[in-house]
Amino acid sequence: LCGYHWELMLVLIFHKVQLYLFLFFMLFSSCEDVTYQLDNEFDPKNLDLEPPTIFFHPSKFESIKVGNSDTLELYCYDVQNAAGAHLQIEFDAQIVSIDTVLYGEFFMNGVNSPIMFTDQEDGFLNVYLFLQPTIGTSDASGTMSMAKLIFTVQDEGLAPMRYTSRTTMRDKSNNSLQLNQYGKALINATY
């Protein structure tokens, strides 16, 4: 009986040593820093935009069939101290119809959602967004989605979308913020 216990102890020690060696090699052989290749074509840094700016995400829809819907986001890139925005988008109303506009994360202030109004007429969409200030926060900064457009393709063709010159962002004192560029989008509508 003593010999059996002795063999069992040796087997347990052997397995314990194997486990420690396995853990040792796993920890020390995987200590290299990971290098990431930042090549996502939709990252703002890869869109050749000079901040602060606004753009569409994605900027290109390769092929959307007539009758199908999709989402286009209105983004700001490295915008500082914005309290409100008027985003006027020109689009081809014969090819695309904008069904719904939802606010994004940029003008969110904690649990307070932004105040948003929209109207559209003859191929122009106006989106008005305002941050609801609190005692501690009266503006927003960063790179985030300001709004999301849900659209439906009505006819075949290329439908460009662009921000017009009436687009503006304002600080809490109602001063216009400098935007260096306005991105564009292109929807390829097919049958």
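Leaving aside its neighbours within four places in sequence, which residues is Thr164 in contact with? In this predicted model, Thr164 is in contact with Gln88, Glu90 and Phe124 once those neighbours are set aside.

**The open sheet**
- An open sheet is formed by 5 strands in the order E5-E8-E3-E1-E11, with mixed pairing, and its edge strands, each pairing on one side only, are E5 (96-103) and E11 (181-182).
- Strand E3 (residues 69-82) and strand E8 (residues 140-153) run antiparallel and are joined by 10 bridges, with Thr71 standing opposite Ile150 in E8.
- E5 and E8 also run antiparallel, joined by 7 bridges, and here Ile98 stands opposite Phe151 in E8.
- Strand E1 (residues 53-57) runs parallel to E11, to which 2 bridges join it, and Thr53 stands opposite Gln181 in E11.

**The largest nonpolar core**
- The largest nonpolar core has 38 residues, and those with the most contacts inside it are Leu87, Met161 and Met169; the largest share of this core, 6 residues, comes from E8.
- In soluble globular proteins, nonpolar side chains tend to be buried together.
- Leaving aside neighbours within four places in sequence, Met169 is in contact with residues including Ile54, Val79, Phe106, Phe107, Met146 and Leu179.

**Aromatic pairs**
- The structure holds 6 aromatic pairs, among them Phe106 and Phe107, whose ring centres are 4.9 Å apart and whose planes stand at 80°, so the pair is edge-to-face.
- Both members of that pair are buried, Phe106 with a relative accessible area of 2% and Phe107 with one of 0%.
- Tyr163 and Tyr182 form a tilted aromatic pair, 6.4 Å centre to centre with 45° between the planes, and this pair links distant parts of the chain, since Tyr163 is in strand E9 and Tyr182 in strand E11, 19 residues apart.
- Tyr163 counts as buried at 4% relative accessibility, whereas Tyr182, with a relative accessible area of 34%, is partly exposed.
- Ring pairs also bring in Phe56, linking Phe56, Tyr163 and Tyr182 into a cluster.

Note on methods. Residues are numbered from 1 along each chain as its sequence is written. This is a predicted model: local features need pLDDT of at least 70, side-chain atom pairs count only at pLDDT 80 or more; totals for chains, interfaces and linings use all residues. Side-chain values use heavy atoms; hydrogens and water are left out. Two strands pair if DSSP finds at least two bridges between them. Helices (H or I, at least four residues) and strands (E, at least two) are DSSP runs, numbered from the N terminus. Contact means heavy atoms within 4.5 Å. A nonpolar core is a set of buried Ala, Val, Leu, Ile, Met, Phe, Trp, Tyr and Cys residues joined through side-chain atoms within 4.5 Å. Buried means under 20% relative accessible area, exposed over 50%, partly exposed in between (1.4 Å probe, protein chains only). Rings of Phe, Tyr and Trp (its six-membered ring) pair if their centres lie within 6.5 Å; planes under 30 degrees apart count as stacked, over 60 as edge-to-face and the rest as tilted.
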